[in-house]
Amino acid sequence: MKKLFTITMALVAFTISAQNVTFGAKAGLNLASMVGDDAEGLDGRTSFHIGATAEFEISESFSIQPELLYSGQGYTADEDVTGKVDYINLPVMAKFYVADGFSVEAGPQIGFLASAKADVNGESVDIKDTLKSTDFAFNIGAGYEVGSGLNLGLRYSMGLTDVEDDSNGFKHSVFLLSIGYNF
């Protein structure tokens, strides 16, 4: 906990020196699944994400972008079972502008479990108590910003921690395709 607080305070101090702050909104498509040794037979779930961004420009080619996202994740086990595992995610992305409007990004993410349900043969079962309340991930991606504030992004979120309390090795794996607008 002390480590997380220290890292957070260092990021806050680092971003205070930012020259320019841009706020935005984003939404898009999630292609989510579970990975791990025992995840064979689990297929992906198609869902969405939506949220807000703030980009702190440190230099012309580097910025820090914290985000607040609602993210639909989960899996399908067969045509009759879908695990709908939804999070409030807080990624903090380091963005490097490598060409005019084009950026690559990487950074950590913490997610807080918002809801978890398994739809089995059309019946919804709450599975939130079987899952951990927080999830840690590492993200990498790329984006392109059009001069008007419109931006497009592609990101991969690789889960770092087990999702379930019984430590079966399941981790989230999510591809996010986003469209956003910076104000």
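**Entry 1: ground rules.** I note that this is a predicted model, in which local features need pLDDT of at least 70 and side-chain atom pairs count only at pLDDT 80 or more, while totals for chains, interfaces and linings use all residues. Residues are numbered from 1 along each chain as its sequence is written, and side-chain values use heavy atoms, with hydrogens and water left out.

**Entry 2: the whole protein.** I found 1 helix and 9 strands in the protein. Helices (H or I, at least four residues) and strands (E, at least two) are DSSP runs, numbered from the N terminus. Read from the N terminus on, the elements run α-β-β-β-β-β-β-β-β-β. The protein has 183 residues, and 42% of them count as buried. Buried means under 20% relative accessible area, exposed means over 50%, and partly exposed is in between, with a 1.4 Å probe and protein chains only. I also looked at contacts, meaning heavy atoms within 4.5 Å. Among contacts between residues at least 6 apart in sequence, 58% join residues at least 24 apart.

**Entry 3: strands β5, β7 and β8.** I went back to the pair I began with. Strands β5 and β7 (residues 134-145) run antiparallel and are joined by 11 bridges. Two strands pair if DSSP finds at least two bridges between them. On to the next strand: β7 and β8 (residues 150-159) are also antiparallel, with 9 bridges. Here Ala137 stands opposite Gly159 in β8. I noted that β7 and β8 form a hairpin with 4 residues between them. In its turn, Gly149 has a positive phi of about 105°.

**Entry 4: the largest nonpolar core.** I use the term for a set of buried Ala, Val, Leu, Ile, Met, Phe, Trp, Tyr and Cys residues joined through side-chain atoms within 4.5 Å. The largest such core has 13 residues, and Met34, Leu42, Leu113 and Leu131 touch the most other members. The most come from β5, with 3 residues. In soluble globular proteins, nonpolar side chains tend to be buried together. I then listed the contacts of Leu113, leaving aside its neighbours within four places in sequence: Val85, Asp86, Tyr87, Lys128, Leu131, Lys132 and Ser133.

**Entry 5: Ser47.** Is Ser47 buried or exposed? Ser47 counts as buried because its relative accessibility is 11%. Ser47 lies in strand β2. Beyond its neighbours within four places in sequence, I found Ser47 in contact with Gly28, Leu29, Asn30 and Gly72.

**Entry 6: cavities.** I searched the whole structure and got 2 cavities of 30 Å³ or more. The search uses a 1 Å grid over the protein atoms alone; a cavity is a set of points where a 1.4 Å probe fits but cannot get out, a pocket is an open set with protein on both sides within 12 Å along at least five of seven lines, and lining residues have an atom within 4 Å of a point. Grid points are joined across faces, edges and corners, and a volume is the space filled by probe spheres set on the points.

The largest cavity has a volume of about 220 Å³. It is lined by 23 residues, of which Lys26, Gln65, Lys95, Asn151 and Leu152 lie nearest its centre. Strand β8 gives the most to this lining, with 5 residues. I sorted the lining of the largest cavity into 7 nonpolar, 10 polar and 6 charged residues. Ala, Val, Leu, Ile, Met, Phe, Trp, Tyr, Cys and Pro count as nonpolar, Asp, Glu, Lys and Arg as charged, and the others, Gly among them, as polar.

The second largest cavity has a volume of about 60 Å³. Its lining includes Leu69, Ser71, Gln73 and Arg155. Strand β3 gives the most to the lining of the second largest cavity, with 3 residues. By class, this lining has 3 nonpolar, 6 polar and 1 charged residues.

**Entry 7: the second largest pocket.** I noted about 230 Å³ of space in the second largest pocket. Among the residues that line this pocket are Asn20, Glu55, Tyr97 and Asn182. Strand β2 gives the most to the lining, with 3 residues. By class, the lining of the second largest pocket has 1 nonpolar, 6 polar and 4 charged residues.
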